[in-house]
Amino acid sequence: MSSQSPPLGASKKGRDIFKLSHHRLSVEDVVAAVGSASCGAISLFIGTTREDQSESGKVIGLEYEAYEPMVQSELAELCRRLRARWPDLAHICVHHRLGWVRVGEASVVAAVSSPHRHDGQRALVCLLDGLKANVPVWKKEVYEDRKASWKENAECAWASCHGNHDAQTMIGQ
Amino acid sequence: FNTRVCVLYFAKSAELSGVREELLQVDTPINSQDLWTRLLGQHPRLLRVLQGHVVLAVRHQYVAIDDQEALTLRDGDEVAVVPPLSGG
């Protein structure tokens, strides 16, 4: 059995860690996953579920589903692009919920570690933009009256609200 | 129809079609517009809501629905119906 050496140019220490979970996310776990003695900065994002209002009343929770093998491949490609743009990045970690998520809970936790903060902060913004545009995860809002609607990210090129940065629209009724 | 693919439905498309997964016999090569037309033939309700706001994913690569490019499909390939994304 032969061992492979890492490709030229790849950071031999840079880890990309992804997890889809049906359970409560742990911010501590994500932070620990990107920790590194050479890093002066950990840039962290937590996406939480808002208590939105609609004609159907309050949002009582969200249902997430995903095309799991393609989530992995899209996140891997996203991280490749981030590392090409910011070669000093150390580690990248994304944990995303699946299944039922109550209002107030975290739906996504993402962290990037870097020697200095600027690269990490910029890479984190790019990571989230890329996640919303390309990673096959879907979110359905469920309301007090048990009606539900699938949301769309404006970042997604085939969404009806594409290009409108502050909008999420509901498809179908 | 010389190739059998596995079609996966997600989110709104699963609700509209009533299925999560099905096998489909298709021609290969086939362009994505013709492939989409086949799926609409199986599940006309997909048209009502998704038309213009859906892409496919073939072997985990996004494919726009148009007549531009012929896809080469192999037995067992996964073809996913991908409504607008809302992760993150």
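Reply: Gladly! Keep in mind that this is a predicted model. Let's begin with the fold of chain A and then move to the interface.

Me: How many helices and strands does chain A have, and in what order do they come?

Reply: Chain A holds 3 helices and 10 strands. Reading from the N terminus, the order is β-α-β-β-β-α-β-β-β-α-β-β-β.

Me: What share of the contacts in chain A joins residues 24 or more positions apart?

Reply: Among contacts with a separation of 6 or more, 68% link residues 24 or more positions apart. As for burial, 47% of the 173 residues in chain A are buried.

Me: Now the interface. How should I express its size?

Reply: The size of an interface is often given as the accessible area lost when the parts come together. Here, chain A and chain B bury about 2,400 Å² between them, and carbon and sulfur atoms give 61% of that area. On the side of chain A, A:Y67, A:W138 and A:W158 supply 34% of the area that the chain buries against chain B, more than any other three residues. Counted by residues, 30 from chain A are in contact with 25 from chain B.

Me: And how many polar contacts and salt bridges are there between the chains?

Reply: Between chain A and chain B there are 20 residue pairs in polar contact, both residues at pLDDT 80 or more. The salt bridge count is 2. One of them pairs the side chains of B:E15 and A:K140, at 3.2 Å from N to O.

Me: Which elements of chain A each supply at least two residues of the side that touches chain B?

Reply: They are strand 4 (57–66), helix 2 (68–85), helix 3 (117–134), strand 8 (137–143) and strand 9 (148–153). By class, that side of chain A has 17 nonpolar, 6 polar and 7 charged residues.

Me: Are A:C93 and B:C6 buried or exposed?

Reply: A:C93 is buried, with a relative accessible area of 0%. B:C6 is also buried, with a value of 12%.

Terms used. Residues numbered from 1 in each chain as written. Chains lettered and ligands numbered in written order. Predicted model: local features only at pLDDT ≥ 70, side-chain atom pairs only at ≥ 80, totals over all residues. Heavy atoms only, no water. Buried < 20%, exposed > 50% of the residue type's maximum accessible area, 1.4 Å probe, protein only. Contact = heavy atoms within 4.5 Å. Buried area = accessible area lost by both parts, 1.4 Å probe. Salt bridge = Lys/Arg side-chain N within 4 Å of Asp/Glu carboxyl O. Polar contact = N/O pair within 3.5 Å; in protein donor to acceptor, adjacent residues only side chain to side chain. Helix = DSSP H or I, 4+ residues; strand = E, 2+ residues; numbered from the N terminus. Nonpolar A, V, L, I, M, F, W, Y, C, P; charged D, E, K, R; others polar.
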